[in-house]
Amino acid sequence: MASAQCRSRPGLAGSALMSSVPRMRCTGPPVLLRPCTWGNGLARRTQQEQRQRQQRQQRRRPGLLPAPHAADNVSAAAASRSSSSDLPLGAAVTADGLQARLSGIAAWLDALFRFTRPHTMLGTAVSVTSVSALALGPGQLTATALHAFLQALSSALLMNVCIVGINQLYDVEIDRINKPYLPLAAGDFSSATGWAIVCATGAVSLAIGAASASQPLLATLGGSLLLGIVYSTDLPLLRWKRSPVLAAACILAVRAVLVQLGFFFHMQQALGLAAPLITRPIAFATGFMLLFSVVIALFKDIPDIAGDRQARGYTGSSCSGKHPGGGVSTLSVRLGPKRVFWTCICILEAAYVGAIAVGLQSNLLWSRVATTAAHVALGALLLRRARRTDLTSPKDISKCYMFSWGLFYAEYLLLPLFR
């Protein structure tokens, strides 16, 4: 049978589409060819899909739908569910946005937590609670006493945030070396945010004190704020932290005098006592915390020697006590960490000896036993920790400093046992 050649002729409607189809060679007997129509159907389907895509794009709301290329990475099952008309457009992206917002809120709260300096907050809470308990006698734990205690505690914690915030605002340069984890030094908070927190907490604290109509409470809050300002503010005649003597005076005035007597007298006034009365336990608490506050004032600067020396161009010690570059010349910078460290340990051990002597004078056997045993144990733990501290390691010194804060908390827990 003779062979024949023929070419397939696509229909006119699909000519543009079929122009790229390779030519077909046919062998065999001649047949009658009809116009090909499958190209027309393919073209119609392509145009229909284009119209559907355009309609979907018109329905999209800006800001909610993912980028076109992101949809290519979605699995087929997820794509079929998201394309259903039952789900709102951009639901997945909305969930991602909510998660990002919650993460941002959590990060801000974490920065606020670091801004409050939690170890000082705990010290304030424990001290206010312990001193308030010292003022209570048998049967005096009433609703009035509880209300007065909550006034003292809430206002004291807010004022604590205000004071440590002022110190951070003026110590950003030093904190970038010594405490880079703090939110202002790390850039987690701006200066404006820091000032907003400081002003808000200070104002609310003073408002609580004024609303309580308690002169001892308001005087304690106002005096603490004033000492916090002169301690940290970098203005002429202020920033007393540059002087070891003035810095220690500020800290012991707040921690040893204002906190002990102010909150004690506030509770006495709430209980209806006509005039403030200084008892033997509160006198001991004031004296003991006076020594402890001196230790905290000196101890806190030992791990910060590197930053204090580098701050504002400090290059060496000065007999006058002033930084050649205007920085902070602490006693640790002048005398060295080892001498200051063991001075702090000796002061604390002397305070524990005094606490034992006071405890033995109690008329109650349980009070004598409890206070004596507790302070012997605390003194032994302090000496053991001090001997194990590497004075060449700022990190190790910082751990010992935080251990001293633990002893500070423990002493406030022991104060109600003195009777």
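Where is Leu237 found? Select it: Leu237 is in the loop between α11 and α12.

**Before you start**

The model is a predicted one, in which local features need pLDDT of at least 70 and side-chain atom pairs count only at pLDDT 80 or more, while totals for chains, interfaces and linings use all residues. Residues are numbered from 1 along each chain as its sequence is written, and side-chain values use heavy atoms, with hydrogens and water left out.

**The whole chain**

Show the protein as a cartoon. It has 18 helices and zero strands. Helices (H or I, at least four residues) and strands (E, at least two) are DSSP runs, numbered from the N terminus. Of the 419 residues, 39% count as buried. Buried means under 20% relative accessible area, exposed means over 50%, and partly exposed lies in between (1.4 Å probe, protein chains only). Among contacts with a separation of 6 or more, 75% are between residues 24 or more positions apart. A contact means heavy atoms within 4.5 Å.

**Helices α7 and α11**

Select residues 143–170, which are helix α7, and residues 215–232, which are helix α11. Their axes are 9 Å apart, and the packing angle is about 10°. Axes are lines fitted to C-alpha atoms, for helices over the stretch in contact, and angles run from 0 to 180 degrees between N-to-C directions. The angle makes α7 roughly parallel to α11. Angles under 35 degrees count as roughly parallel, over 145 as roughly antiparallel, 65 to 115 as roughly perpendicular and the rest as oblique.

Now show side chains. On α7 the contact includes Gln151, Ala152, Met159 and Tyr170, and on α11 it includes Leu217, Leu221, Gly228 and Ser232. The residues of this contact divide into twelve nonpolar, six polar and no charged. Here Ala, Val, Leu, Ile, Met, Phe, Trp, Tyr, Cys and Pro count as nonpolar, Asp, Glu, Lys and Arg as charged, and the others, Gly among them, as polar.

**Helices α7 and α12**

The crossing is right-handed, a term used if the near helix is turned clockwise from the far one by less than a right angle. Residues in the contact include Thr144, Phe149 and Asn160 of α7 and Arg255, Phe263 and His266 of α12. They divide into eight nonpolar, four polar and one charged.

**Salt bridges**

How many salt bridges does the structure hold? There are five. A salt bridge is a side-chain nitrogen of Lys or Arg within 4 Å of a carboxyl oxygen of Asp or Glu.

Select Asp171 and Arg239, whose closest N and O atoms are 2.6 Å apart in a salt bridge. Asp171 lies in the loop between α7 and α8 (172–178) and Arg239 in the loop between α11 and α12, so the pair ties together parts that are 68 residues apart in sequence. Asp171 is buried, at 4% relative accessible area, and Arg239 is buried too, at 2%.

Next, select Arg114 and Asp110, a salt bridge with its closest N and O atoms 3.1 Å apart. The two are four residues apart in helix α5 (residues 91–115), and about one helical turn separates them. Arg114 is buried, with 19% relative accessible area, whereas Asp110 is partly exposed at 40%.

Then go to Arg242 and Asp234, joined by a salt bridge of 2.7 Å, N to O. Both are partly exposed: Arg242 at 26% and Asp234 at 27%.

Return to Leu237. This residue is exposed, with a relative accessible area of 79%. Its phi is near 70°, a positive value in a residue other than glycine. Arg239, in the loop between α11 and α12, also has a positive phi, of about 55°, although it is not a glycine. Most residues other than glycine have a negative phi.

**Last stop: Ser127**

Select Ser127 in helix α6 (residues 118–134). Is it buried or exposed? Ser127 counts as buried, at 1% relative accessibility. Leaving out residues up to four places away in sequence, Ser127 touches Val259 and Tyr412.
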